[in-house]
Amino acid sequence: MKPGPGRPAGNSLALAAHPGGTAKIGDVVDANLRTKFDNLYVCDCSVIPQSWGRPPTLTLLALGRRLAKHLLETQ
């Protein structure tokens, strides 16, 4: 069943992907999301080591808030 008029997307077989793991925390970025390059931080799905099957929205919001706090404290 495909999503469409009159059919909620949640009741369909439509799939979504949240790519991650290309700039893993502890591998490409440190705990503060900083790369080896000065003033370059990464704060998106790529820092999450593996997919956990849920939308990453709240996790990314939390990471963004944490990074903002870190940047303000280090100025």
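1. Val42 counts as buried because its relative accessibility is 18%, where buried means under 20% relative accessible area, exposed means over 50% and partly exposed lies in between, with a 1.4 Å probe and protein chains only. This is a predicted model, in which local features need pLDDT of at least 70 and side-chain atom pairs count only at pLDDT 80 or more, while totals for chains, interfaces and linings use all residues. Residues are numbered from 1 along each chain as its sequence is written, and side-chain values use heavy atoms, with hydrogens and water left out.

2. Val42 belongs to the segment before helix H1, which covers 57-73; helices (H or I, at least four residues) and strands (E, at least two) are DSSP runs numbered from the N terminus. Leaving aside residues up to four places away in sequence, Val42 touches Ala23, Val29, Leu33, Thr35 and Val47, a contact being heavy atoms within 4.5 Å. Gly64 stands 22 residues from Val42 along the chain, and the C-alpha atoms of the two are separated by 9.6 Å.

3. Leu33, one of the residues that Val42 touches, is likewise found in the segment before H1. Leu33 counts as buried because its relative accessibility is 2%, and its phi is near 65 degrees, a positive value in a residue other than glycine.

4. Asn39 also has a positive phi, near 60 degrees, and is a residue other than glycine. Asn39 lies in the segment before H1, but with 68% relative accessibility it counts as exposed.

5. Which residue forms a salt bridge with Asp38? The partner is Arg34, and the closest N and O atoms of the pair are 3.3 Å apart; a salt bridge here is a side-chain nitrogen of Lys or Arg within 4 Å of a carboxyl oxygen of Asp or Glu. The structure holds 1 salt bridge. Asp38 counts as exposed at 65% relative accessibility, whereas Arg34, at 34%, counts as partly exposed.

6. Ser46 is placed in the segment before H1 and is buried, with a relative accessible area of 11%. The side chains of Ser46 and Asp44 are joined by a polar contact of 2.4 Å, that is, a pair of N or O atoms within 3.5 Å in which, within protein, one must be able to donate a hydrogen and the other to accept it, residues adjacent in sequence counting only if both atoms are side-chain atoms.

7. Helix H1 has 17 residues and reaches 24 Å from its first C-alpha to its last, close to the 24 Å expected at 1.5 Å a residue, the expected span being 1.5 Å times one less than the number of residues. The buried residues of H1 are Leu63, Leu67 and His70. Seen down the axis of H1, these buried residues fall within an arc of 60 degrees, so they line one face of the helix; the arc is taken from the directions from the helix axis to the C-beta atoms. The face turned away from the buried side of H1 carries exposed residues, among them Thr57, Arg65 and Glu73.

8. For the chain as a whole, there are 1 helix and 0 strands, and buried residues make up 20% of the 75 residues. Of the contacts with a separation of 6 or more, 38% are between residues 24 or more positions apart.
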